[in-house]
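Here's a quick walk through one model, from the overall fold down to a single helix. Have the viewer open as you read.

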Amino acid sequence: MNELLQSLVRGLGTGSVYALLALGFVIIYKSTRVISFAQPALMLTGAVLVSYLVLEMNFYLAVVVAAMLVALLGLVIERTALRPMVGKPVFVVAIITLGVDIVIRVVINGFIGREVRQIGDPWRLDTFSIGGVPVQERYVAMVVTTAVIVTALFLFFNYTRIGLAMRATAFDQEVALAQGISVGTVFALSWAIAGALAAVAGTFVGTGAGVDQQTWIIALVALPAIILGGLDSIPGAVIGGLVIGVAQSLVGTYQDTYVPWLGQNFAVVAPYVVMLIVLLVRPYGLFGTPEVERL
Amino acid sequence: MKRRLAGRPELYTSYEQEMALLNTHGKRVAVAALLALAVASPFLLTDDLLQLLAVGFVAAIGAIGLNLVTGYAGQVSLGHAFFLGVGAYTAAAISGDPEGQVIGYGITFLPFWLLAAGLVAGLAGLLVAPLATRLRGLYLAIVTLGLVFLGEHIFKEWSSLTGGPGVGREAAVPEMFGYRFDVDGAFLTRAQKLYLLMFVLLVIFAVLARNLARSAVGRAFAAVRDRDIAAEVIGVGLTRYKLLAFALSSFYAGCAGALLYTVTGFFDPGSFNLLLSVQFIAMVLIGGVSTISGSIMGALFITLLPRVTRELPALVPVVSAQSTGAINVFQIEAILYGLLIIGFLIVEPRGLFGIWIRVRNYWKAWPFSY
């Protein structure tokens, strides 16, 4: 029982990080209809920035500054690589983001070097116990931060003018444009938000084990999460992220004992298996809108 | 079929003439010249270049396969690396040493293991296709991306077949009627033999693909790509052609995977990762979407690119040839992939093929601007 609870806590913690990453994907997808394969690079950039900034300043301040810098990077990417491609097929734009991802990651890898960089977070691997179950502080921090960010995003989308503009753009770009909404600003803003979210997620990914050149792979786990939740659903992204996190953690805990023939490290690919099964049953995820097209 | 009229090169008197493989005089001359150059080059170039070109030809087979599904049929696949892996391991297992550490059946006859590799990969493609027929666009791209990760996991874990990560296994042995292509002979060196073998295979695969593309199947693929719903309404079976596109593309990938490592002789299960898929995507995009000659150009371009960047340290002193330097050739290579993909998509979406078309049209009208 203890083992199960610990596994669940770990799953919710990593799941909320996936949720942050998934939110970035979904926000970009909703406003521009493009899946950004550059998200892993943005996440890595955030984590590496924090690992350098933390040498100069307080950790929390470092995270905020890093998030702002990565948001700026998101703006630059949107303006230089994606704005010229507005109206082109989505596949082409997606591949461009893949190219952006490669370029940024090579540059960032130069700053990581060969060894593992420490994030310098205050939680490290410290634990405290809730009713006899040891819980790592960092997982609690992840869940709380994600909850705060999701609430803030909810308020932003529902109660601010620009949030409303973003929802309108997601609904219908041309009509939004006709109503006087600057769709370009919306695109830029969604990239900035996604960048900031990726930076925060990257920081959490780096807690505990640190950041190395392989860390970026983790950001791709958010893809099964958004597929599970549905590409265009913000609640779906959060739920998908949590489900994928918990599933991965449970597989990691029990697969060795019950299904050892799946091989070591099966937990790493478990999210993709979940994704394939969900897609066979529900092609638009749990909360996605089925595409309706007219001829 | 009616005869072409002498002295009227632009006049076609039947549909067959217009759709012929070499429908203009210019194409006939150019193809003949290219073939002659390709056959002559083993005796003009050094062995290391020939080996690289042989790899490029095999990559071209794989790129043609990806172009069939992504370019012609419009189904985005990031899973090409998985099918390459399936082909490579099928071929290696069939031709492998039965006494060795890893699975092997000792049948080294090239056409046999090549076809088997293609067929097994094609079957794997058919297994994935049910997902593809239900999904469109980016959903499909993500699913095929997941496939690469699953494949990588299986290849790494199934060490009795693959030798396990860091160990690897020997690639398939290219042999036909007792003639070995991968050892130096009395008359030809290893690199020359492999070059000629891969060249002949590339020509066969390319002509097959080109014929497919200009037939009813190719037109059906294009219809599915351009507007799948409209295609279905006019009677193109979506499921059937998507299945066919995936199976064919995987067949090509399987054959390419089987051949790809016969040149280097050895391969590791970690090779079949996302980067390999991205390289093939880059070949197709840089070469030219939905053109066979473009795929070949793109594949050769991407394969020769590392060779060019290796020369950089001699020219630019800041660039280090070791992987430890601040700016090294490996980083530049990776950045170039990214920048080239972005650059081509923004500036010349039709790729190298498009550049060639522009050059050709310029000289067609020369000295007039149009």
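## The fold of chain A

This is a predicted model, so treat everything below as computed from it. Chain A is built from 12 helices and 2 strands, and along the sequence the order runs α-α-α-α-β-β-α-α-α-α-α-α-α-α.

How does the radius of gyration look? For 295 residues a compact globule would come out near 19 Å, and chain A has 19 Å, so the two agree. The C-alpha atoms fill a box of roughly 60 × 50 × 35 Å along the principal axes. Buried residues account for 49% of the chain. Of the contacts in chain A with a separation of 6 or more, 75% are between residues 24 or more positions apart.

## Where chain A touches chain B

Here 31 residues of chain A are in contact with 34 residues of chain B. On the chain A side, the elements giving two or more residues are H4 (90-112), H10 and H12. H4(A) supplies the largest share, with 13 residues. By type, that side of chain A splits into 27 nonpolar, 3 polar and 1 charged.

## A closer look at H10(A)

Why call H10(A) largely enclosed by the rest of the structure? Because 8 of its 8 residues, 222-229, are buried. Among them are Ala222(A), Pro224(A) and Gly229(A).

Those buried residues pack against H1, H2, H9, H11 and H12 of chain A, together with helix H6 (137-157) of chain B. Just after the helix, Gly230(A) takes a positive phi of about 105°.

How values were computed
Residues are numbered from 1 along each chain as its sequence is written. Chains are lettered from A and ligands numbered from 1 in the order in which they are written. This is a predicted model: local features need pLDDT of at least 70, side-chain atom pairs count only at pLDDT 80 or more; totals for chains, interfaces and linings use all residues. A residue is buried if 20 or more other C-beta atoms lie within 10 Å of its own, exposed if 12 or fewer, and partly exposed in between; C-beta atoms are placed from the backbone. Helices (H or I, at least four residues) and strands (E, at least two) are DSSP runs, numbered from the N terminus. Two residues are in contact if their C-beta atoms, placed from the backbone, lie within 7 Å. Ala, Val, Leu, Ile, Met, Phe, Trp, Tyr, Cys and Pro count as nonpolar, Asp, Glu, Lys and Arg as charged, and the others, Gly among them, as polar. The radius of gyration is taken over C-alpha atoms; the globule rule is 2.2 Å times the number of residues to the power 0.38.
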